Amino acid sequence: MLTARRRVAASVAAVLTGSLLLASCGGSDGGGSSDAKTLRLWHYEAPNSAMGAAWTEAIKEFEATHPGVKVKFEEKSFEQIQKTAPMVLNSSDAPDLMEYNKGNATAGLLSKQGLLTDLSAEATKRGWDKLLSPGVRTTSQYDGDGVMGSGKWYGVPNYAEYTMVYFNKDLFAKYKLAEPKTFDELVAAMKTFTENDITPLANSGAEYLAQQYVYQLALSKADRSWVDSYELYKGKTDFHDAAWTYAAETFADWVKKGYIGKSSTSAKAEDAGVSFLQGKAPILFSGSWWYGRFQDEAKFDWGTTLWPGSTLTPGSGGNLWVVPKSAENKELAYDFVDITMSKKIQNLLGNKGGVPVAADTAAITDPKAKELITHFNTLSGRDGLAFYPDWPVPGFYDVLVSETQKLITGSEKPDDYLDALQEAYDKGAPKR
Amino acid sequence: MKVRAPRASRASRAPRDSYAVFLLPGGLVFLAVIVVPFLMNTGVSFTDWQGVGSPSWSGLANYRDLMDDTEFWASFRHSLFMVVAMAAIPTAVGLVLAAALFDYVGKHFGSRITTVLRACFYLPQVLPIAVAGIVWSWILAPDNGSLNELLEAVGLGGWRQDWLGDPDFALYSVMGVMVWVQLGFPLVVFMAGLQRVDPQLYEAAELDGAGWWRRFRHITLPQIRPEVYVVLTWCTIAALKVFGAVYVLTKGGPGGATDVPSYFSFSTFFEKTQVGYGAAISTVLTVIILALSLVGLRLQTRAEDAEEGART
């Protein structure tokens, strides 16, 4: 199977190379052949997700506007691309266009190693730079050290994501609780639920949710320069500062008070999502990637709000379209990215429950989708996307999981927890 | 004598040469998939490399870091627990069960029941570890896992635990799952070993009034000693390189409580993209496994030689 696929790929490559030589055309960067007949595309969005549906439509649109050109799409898993991308991109098997995770430890690392194509000229020429807000654009650009936020364009996100408080309106109504508009109201609601033997917050200690609670608590006491220091190394990050200390202590306190279940230590993100969907946990704080699923599966009335009392929240542009340095048909890849940025595809993405970055607001008809996009516009307007806590250092995700688990089990005090984070951060962050 | 000797040596050399031809493909595959990657891995372990770009030579730095890495040594301590769970306990329990099935169940309930029971014990070995791991993570789930529900149902609700999420229990829970996974292998090997024990030995012992335990101690155990060595060596190696179960059940958590060297190497390699350091971990792990295997085989050979010497 693999051999057959490789043989086909080799034949396609041979035909393309031969035609390139015969026609003596194509850019000096090895791409841009006007007679290329195949666009090799990899992404890892589920077909029924908002992005999956939008990209499927984009493929149709691409083939309609590029007669004679076939899109050879290969569906990959997130893990597959995450774990093997550097090796694949370093080989001759690289596709023409690929979805890849954003951030210093991923797209930044590849850009630093020279494995990605510089898209700066295309971003200006095709107007992508105008379509993306500053917060979303941060993950597109990387400097010479692979640090996001400035430098050349190495990726284009077509959607955005952000975290929010999902709450079960039926359960709030049952216990005569108002929808949480302030932080105090949120805490009061959690207290009431606990008094009624309900663990209010859905959590997963074995995966990202727990660390995002901690990070959100820190963000509620932070500002943009704090985020820039932490994520972009523009200053010194002190894990014993007021924001991190408040976050670690409050989180530990919430575990003690029963707002976060001790038994969530080994829970995965899916477990947390399911406990919210089953009506067991009335509140879940997580990303917009849950939105479409909750819309489909929740059997109760639910609402969302941004984390009360905080300007900043975890979020960013979505995963990136990147063009490998060794891609053979770069021009086709740019055309495809351009189509995904078109109003038609962006509006489709929005109506399917995604967060488009360049949609026509009037064209979003679904009321829930409108709410999602309104929240995003509020965040975007106040420059509130604060990225994710695991981004600054490769492997920091595992450190955060492991250490936050200790905070949940009580086997580590907040002070020791912050010491451990500081040590891992200092060890992995680039010296600047 | 003088005439016969060269003929004998010719006769013994000819089959050896033909065997060598049969060994060649295996040898080449071994070279390609074991020796060369191992040497490459060892080479990488002397570099500082993120998996892409050019590696830079760092000499013994990775090994020096490894010596001071408390997480690495903690993972090795957990490995010793895994040796208990995957080698010691299954071998001991497997021996008793194999003897019981062969000597008692077989006699009183027939060979069909014995075969069914043996297959039941062996079933976890057939299941992919990913499937078994997922099923066990449901069973051990804290809120609605079957084990906690069962405890509740029989009035032992106070014993409910977060089996995989509590650092005081997680390692023992993983060990329990591994005992379940591993038990079938020694059992089947020991039962096969028991087939070659002369039944007259048991009959004679029974006539002399030896009970089941005495027969087990003085006949079963000594007779299948070679199988015990093989199983112990094999299972110890499996325990030292255990990965799948930890990956599926706990991912080394909570807070590193179930981390083992192979998972530690994997996360260093792929999550932290410290490829050179990850390679150093796996090199050390390979050397330790190799050394233990050689010691195991040596002990086995020595014991067998001693037994043969005692018989002659």
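Predicted model: local features only at pLDDT ≥ 70, side-chain atom pairs only at ≥ 80, totals over all residues.
The expected span of a helix is 1.5 Å times one less than its number of residues.

**A helix wrapped by its neighbours**

Helix α7 of chain B runs over residues 170-182, which makes 13 residues. From its first C-alpha to its last it reaches 18 Å, close to the 18 Å expected at 1.5 Å a residue. Is this helix enclosed or open? Buried means under 20% relative accessible area, and 10 of the 13 residues of α7(B) are buried, so the helix is largely enclosed by the rest of the structure. Among the buried residues are B:Ala170, B:Leu171, B:Ser173, B:Val174 and B:Met175. Towards the other end of the list you will find B:Val179, B:Val181 and B:Gln182. What covers the buried residues of α7(B) includes α3 (70-109), α4 (111-126) and α5 (129-139) of chain B. The cover also includes α8 (184-195), α11 (225-240) and α12 (244-249) of chain B.

**A threonine in a loop of chain A**

Now move to chain A and find A:Thr237, in the loop between α11 (224-232) and α12 (242-257). Which residues does A:Thr237 touch, leaving aside its neighbours within four places in sequence? They are A:Ser229, A:Tyr230, A:Trp244, A:Gln422 and A:Tyr425. A:Tyr425 is 188 residues apart from A:Thr237 along the chain, yet their C-alpha atoms are separated by 8.7 Å. The side chains of A:Thr237 and A:Tyr425 make a polar contact at 3.4 Å. The side chain of A:Thr237 also reaches the backbone oxygen of A:Ser229, at 3.4 Å.

Another loop of chain A, between α12 and α13, holds A:Ser264. Leaving aside neighbours within four places in sequence, A:Ser264 is in contact with A:Asn203, A:Ser204, A:Gly205, A:Ala206 and A:Ile408.

| Residue | Relative accessibility | Class |
|---|---|---|
| A:Thr237 | 7% | buried |
| A:Ser264 | 8% | buried |
| A:Phe387 | 2% | buried |
| B:Lys251 | 36% | partly exposed |

Most residues other than glycine have a negative phi, and most peptide bonds are trans. With that in mind, look at A:Phe387, which has a positive phi of about 60° although it is not a glycine. A:Phe387 sits in the loop between α17 (367-381) and α18 (396-409) of chain A. B:Lys251 also has a positive phi, near 50°, and is a residue other than glycine.

B:Lys251 lies in the loop between α12 and α13 of chain B. B:Pro254 is found in the loop between α12 and α13 (261-271) of chain B. What kind of peptide bond joins B:Gly253 and B:Pro254? The bond is cis, with omega about -5°.

**A pocket lined by both chains**

Finally, let us visit the second largest pocket, which holds about 890 Å³ of space. Of the 31 residues that line this pocket, the closest to its centre are A:Ala267, A:Asp271, B:Pro142, B:Asp143 and B:Asn144. The elements that give two or more residues to the lining are β8 (201-202) and α13 (269-277) of chain A, together with α5 and α12 of chain B. Which element gives the most? That is α13(A), with 5 residues.

Conventions
Residues numbered from 1 in each chain as written. Chains lettered and ligands numbered in written order. Heavy atoms only, no water. Helix = DSSP H or I, 4+ residues; strand = E, 2+ residues; numbered from the N terminus. Buried < 20%, exposed > 50% of the residue type's maximum accessible area, 1.4 Å probe, protein only. Contact = heavy atoms within 4.5 Å. Polar contact = N/O pair within 3.5 Å; in protein donor to acceptor, adjacent residues only side chain to side chain. 1 Å grid on protein atoms, 1.4 Å probe; cavity = no way out; pocket = protein on both sides within 12 Å on 5 of 7 lines; lining within 4 Å. Points joined across faces, edges and corners; volume = space filled by probe spheres on them.
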